[in-house]
Amino acid sequence: MLKFQIRGENIEVTEAIRDHVEKKVGKLERYFNETPEANVHVNLKVNPDKKSKVEITIPIPQLTLRAEEVNSDMYAAIDLIVDKLERQIRKHKTKVNRKFREKGNPNEFFNTNVNGAALIEEDDDEMTIVRTKQFDLKPMDSEEAVLQMNMLGHSFFIYTDAETNGTHIVYRRKDGKYGLIETN
């Protein structure tokens, strides 16, 4: 059973919005044999440019579903997110079922059909590694890593932090600013 925690930033969560979210996201339950106890975290935000940002996170056993969408129409954003979450479920189901078919032990966590129709197994082309690179990580600070990333024209850069000797990643965010991921 899905339990909803809907939070609004710069917007009042009306009963109509709550009903729409629960109705649309609730349809995802059909993809599971036994509906897991899960809290659906929904964050609704209206930005100053009047665009709505919707984020949905559903932590369930062996999988965390998460998607976000920005759209001028909040209801359309919710619909698009549900589509993204369905694709994630189908992709994960395909991967899990393929592993268990190879071992001869089918996974009963996912429904094999929805409304009497077999689920379409998605092609794994999106997850195929088409190129491998190897390189030495140069010790540097985060500023130098950002400069290197920009010079290469990449959206992320992996480096060894000169002070901590840990492997870190700098990346360009959607808002044009930079983020830093520090590993332990």
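**A colleague's note on the predicted model**

1. Let's start with a pair of residues: proline 59 has threonine 64 as its bridge partner in β4. Strand β3 (residues 52-60) and β4 run antiparallel and are joined over nine bridges. Two strands pair here if DSSP finds at least two bridges between them. Helices (H or I, at least four residues) and strands (E, at least two) are DSSP runs, numbered from the N terminus.

2. A word on the ground rules. This is a predicted model, in which local features need pLDDT of at least 70 and side-chain atom pairs count only at pLDDT 80 or more, while totals for chains, interfaces and linings use all residues. Residues are numbered from 1 along each chain as its sequence is written, and side-chain values use heavy atoms, with hydrogens and water left out.

3. Which residues sit on the two faces of β4? Leu63, Leu65, Ala67, Glu69 and Asn71 make up the covered face, and Thr64, Arg66, Glu68 and Val70 the uncovered one.

4. The largest nonpolar core has 26 residues, and Val25, Ile56 and Ile58 touch the most other members. At least two residues of this core come from each of β1, α1, β2 (38-46), β3, β4 and α2 (74-103), with α2 giving the most, seven residues. A second, separate core of seven residues has among its members Ala145, Met149, Tyr159 and Val170. A nonpolar core is a set of buried Ala, Val, Leu, Ile, Met, Phe, Trp, Tyr and Cys residues joined through side-chain atoms within 4.5 Å. In soluble globular proteins, nonpolar side chains tend to be buried together.

5. Two residues show the surroundings in detail. Leaving aside neighbours within four places in sequence, isoleucine 56 is in contact (heavy atoms within 4.5 Å) with Val25, Val40, His41, Val42, Leu65, Arg66, Ala67, Ile81 and Leu85. Serine 52 lies in strand β3 and is buried because its relative accessible area is 6%. Buried means under 20% relative accessible area, exposed over 50%, and partly exposed in between (1.4 Å probe, protein chains only). With neighbours within four places in sequence again left out, serine 52 is in contact with Lys45, Val46, Glu69, Val70, Asn71, Ser72 and Met74.

6. Now the pockets. A pocket is an open set of points on a 1 Å grid over the protein atoms alone, where a 1.4 Å probe fits, with protein on both sides within 12 Å along at least five of seven lines; lining residues have an atom within 4 Å of a point. The largest pocket holds about 260 Å³ of space, a volume being the space filled by probe spheres set on the points. Lys53, Glu68, Glu69, Val70, Tyr171, Arg173, Lys174 and Asp175 line the largest pocket. Strand β4 (residues 63-71) gives the largest share of this lining, three residues.

7. The second largest pocket has a volume of about 210 Å³. Its lining consists of Lys133, Phe135, Leu152, His154, Phe156, Phe157 and Ile158, and strand β8 (residues 156-161) supplies the largest share, three residues.

8. Finally, two asparagines to look at. Asparagine 10, in the loop between β1 (2-9) and α1 (15-26), has a phi near 65°, a positive value in a residue other than glycine. Asparagine 10 counts as exposed because its relative accessibility is 64%. Asparagine 165 lies in the loop between β8 and β9 (167-172), and its phi is near 65°. At 62% relative accessibility, asparagine 165 also counts as exposed.
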